[in-house]
Amino acid sequence: MGRPLIYICAVTIIVLGILQLNLNGRHIQLIERTSSYANESQMRNSAHSGSEFVLNELRGDPTWRNNFDPFPVQLEYATAFVTVQDMTTNENLEEDQLRLISKVPFQRDSVQVIYTVDVVMGDIPEITGALNLTDSEFNIDLFSNAFEIDGNDESGLDPIGIPGISVIDQESKDKIFDTNNEDFLNNITGSTGTPSIEVDENMDFTDMAQLILALEANATYLEGNYTRDLNTPDNPGVFFVEDYAKIAGNVDGYGILVVRETGDLDLASLDLVGNFDFYGLVIFEDAWAFDGKGTATIHGAVMVGSPDEESEVDIEIGGTLKILYNSWALEFARIAAQRGVAPSFEITAVFE
């Protein structure tokens, strides 16, 4: 009995040993797979981090492409190489889309994530009249047969044109047709004849107010007398008036001009007494007086309004002031808005 028992025990020990070796092997394989999965997940997270880093770079300069070469992003545990594509290098992309391809080397291959991104640039709201009155709380005084408000496109690019004056409701339209203004209504022309004054109930100053807040950090603030041009067609700018400013010479301006009330002043005004030609968009926000008595031509459009429903705007239009709708000049305003407002990015698709 002794010897067979020894054989049985030996075989049992060998079998248990083999089972233990197989179990250890499986544990090792599981550990390797878990480790590989963890490393791959970490590399994938690094690829995502690389894409987010490049998106942040693009917020500062949306035209940056690194010559379309992979850009190395050094991270804590890895380096992500991110390539930026646009419609010039990827025919499947739209003008306002980008594709970010982020690769992180892993073992013999690499981990890759692909972002498709919509680029949202700063822009001006829709312009529906040469002069836009965005709320009904205003008093308007028209005087002098020399002023002109024209919604026909001065540039000729828009054959239809827009109304001379666009207002928010019928009450506002009736206010302009007041008997005190009858002698001067023929000075208001546009796509709807003479006088060209139309109601647009969808008009809202809220979008414009948000644009103003976004622009103010990078704006040029005007005060005192100005005899030099306000930027150039190649470099339109954003200009704010929060104190008294006077155009005292032959001055051209390009971009966006904002006149607003400040907490320190009862009146924010722009004194247009020189020969002033502004190409773009002029906005009067919470300004208590729009004094158009000077010799000035605004090529583009004017918007007057207040986000505060209780504010009342006094509008005086006379002298030789001209407000001429010009779709070509409004492009200067759009360029200035794009430059003045940091772009935002909407990630529309992620592929891993």
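Mentor: Two strands are said to pair if DSSP finds at least two bridges between them; strands (E, at least two residues) and helices (H or I, at least four residues) are DSSP runs, numbered from the N terminus. The model is predicted, with local features needing pLDDT of at least 70 and side-chain atom pairs counting only at pLDDT 80 or more, while totals for chains, interfaces and linings use all residues. Residues are numbered from 1 along each chain as its sequence is written, and side-chain values use heavy atoms, with hydrogens and water left out.

Strand β19 covers residues 322-325, and helix α4 covers residues 327-340. Strand β19 pairs with β17 (residues 296-305) in the parallel sense, over 4 bridges. A parallel pairing over 3 bridges also joins β19 to β7 (residues 148-150). Lys322 takes part in both pairings: Glu148 stands opposite Lys322, and Lys322 is also the bridge partner of Thr297.

At the start of α4, Asn326 places a side-chain oxygen within 3.0 Å of the backbone nitrogen of Trp328. This falls under the definition of a polar contact (a pair of N or O atoms within 3.5 Å; within protein, one must be able to donate a hydrogen and the other to accept it, and residues adjacent in sequence count only if both atoms are side-chain atoms). The expected span of a helix is 1.5 Å times one less than its number of residues. For the 14 residues of α4 this gives 20 Å, and the end C-alpha atoms are 20 Å apart, so the two values agree.

Several residues of α4 are buried, a term that means under 20% relative accessible area, whereas exposed means over 50% and partly exposed lies in between (1.4 Å probe, protein chains only). The buried residues are Ser327, Ala329, Leu330, Phe332, Ala333, Ala336, Ala337 and Gly340. An α-helix has 3.6 residues a turn, so residues three or four places apart point the same way. The cover over the buried residues of α4 includes strands β12 (237-247), β13 (250-260), β15 (275-285), β17 and β19, and also helix α3 (206-215).

Trp328 and Phe332 belong to a cluster with Tyr254 and Tyr279, linked by ring pairs. Rings of Phe, Tyr and Trp (its six-membered ring) pair if their centres lie within 6.5 Å; planes under 30 degrees apart count as stacked, over 60 as edge-to-face and the rest as tilted. The whole structure holds 8 aromatic pairs. In one of them, Trp64 and Phe71 are edge-to-face, because their planes stand at 90 degrees, with ring centres 5.1 Å apart. Phe276 and Phe278 form a tilted pair, with 5.9 Å between centres and 45 degrees between planes. Phe276 is buried at 3% relative accessible area, and Phe278 is buried at 0%.

Arg334 also lies in helix α4, but its relative accessibility of 25% makes it partly exposed. Its side chain forms a polar contact of 3.0 Å with that of Glu331. If residues up to four places away in sequence are set aside, Arg334 touches Gly122, Asp123, Ile124 and Ser327, where contact means heavy atoms within 4.5 Å. Arg334 and Asp123 are 211 residues apart in sequence, yet their C-alpha atoms are 5.4 Å apart.

The setting of this region can now be given. The chain has 4 helices and 20 strands, and 45% of its 352 residues count as buried. Among contacts with a separation of 6 or more, 64% join residues 24 or more positions apart.

Finally, some backbone details lie elsewhere in the chain. Most residues other than glycine have a negative phi, and most peptide bonds are trans. The peptide bond from Thr194 to Pro195 is cis, with omega near -10 degrees, and Pro195 lies in the loop between β9 (188-189) and β10 (197-199). Asn66 has a positive phi of about 55 degrees and sits in the loop between α1 (2-60) and β1 (71-74). Asn231 likewise has a positive phi, near 65 degrees, and is placed in the loop between β11 (220-226) and β12.
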